[in-house]
Amino acid sequence: MDDFTKKRIEKVMRHYMESTAEEQLRNRRSIGYALEGDEVTLVEQRPSKDGTRWIELPVAQFRLDAGGWRVYGLDSGGRWHLVPEIPASEDFELQLGRVTRNELGIF
């Protein structure tokens, strides 16, 4: 991922986290992300059951390749799998919106 794309993704994710902040407070959770190489991993942070620490749960992963941004979901074994029902797109925000709406019920 080039520097321009990386900066754009960081800006999009900052805006996304700010726009969901009120909902996050109501639900006692936080949304974050990790950017590594050509991958962006969306994570949800929640307090542990005993409330002594925060736990991080991966939600979805976006991978940039020659075909655009592809969306991956996590299986019960902790492995990422391509979500074939979500076609690749050059538009990262479109993919983020698809995951947020969760119309497939897998995120």
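Asp91 caps the N-terminal end of α3 (92–101), with one of its side-chain oxygens 3.0 Å from the backbone nitrogen of Glu93. That is a polar contact, meaning a pair of N or O atoms within 3.5 Å, where within protein one must be able to donate a hydrogen and the other to accept it, and residues adjacent in sequence count only if both atoms are side-chain atoms. Helices here are DSSP runs of H or I with at least four residues, strands are runs of E with at least two, and both are numbered from the N terminus.

Before going further, a word on what you are looking at: this is a predicted model, in which local features need pLDDT of at least 70 and side-chain atom pairs count only at pLDDT 80 or more, while totals for chains, interfaces and linings use all residues. Residues are numbered from 1 along each chain as its sequence is written, and side-chain values use heavy atoms, with hydrogens and water left out.

Let's stay with α3 for a moment. Its buried residues are Phe92, Gln95, Leu96, Gly97 and Val99; buried means under 20% relative accessible area, exposed over 50%, and partly exposed in between, with a 1.4 Å probe and protein chains only. The cover over these residues includes α1, β2, β3 and β4. Most residues other than glycine have a negative phi, and Asn102 is a residue other than glycine with a positive value. Asn102 is partly exposed, with a relative accessible area of 23%.

Now turn to α1, residues 3–19. A side-chain oxygen of Asp2 lies 3.1 Å from the backbone nitrogen of Phe4, capping the N-terminal end of α1. Which residues of α1 are buried? They are Thr5, Ile9, Glu10, Val12, Met13 and Tyr16. These residues cover an arc of only 165° around the axis, so they lie on the same side of α1; the arc is that of the directions from the helix axis to the C-beta atoms. An α-helix has 3.6 residues a turn, so residues three or four places apart point the same way. The face turned away from the buried side carries the exposed residues Asp3, Phe4, Lys7, Lys11, His15 and Glu18.

The buried residues of α1 pack against β1 (30–36), β2 (39–47), β3 (54–65), β4 (68–74) and α3. The axes of α1 and α3 come within 11 Å and cross at roughly 35°, where axes are lines fitted to C-alpha atoms, for helices over the stretch in contact, and angles run from 0 to 180 degrees between N-to-C directions. Arg8, Ile9, Val12, Met13 and Tyr16 of α1 meet Phe92, Glu93, Leu96 and Thr100 of α3, contact being heavy atoms within 4.5 Å.

Ser48, in the loop between β2 and β3, is buried at a relative accessible area of 10%. The Ser48 side chain reaches the backbone nitrogen of Thr52 at 3.4 Å. Val83 sits in the loop between β5 (80–82) and α3 and counts as buried, at 4% relative accessibility. Not counting residues up to four places away in sequence, Val83 touches Val71, Tyr72, Gly73, Leu104, Ile106 and Phe107.

How values were computed
Expected span 1.5 Å × (residues − 1).
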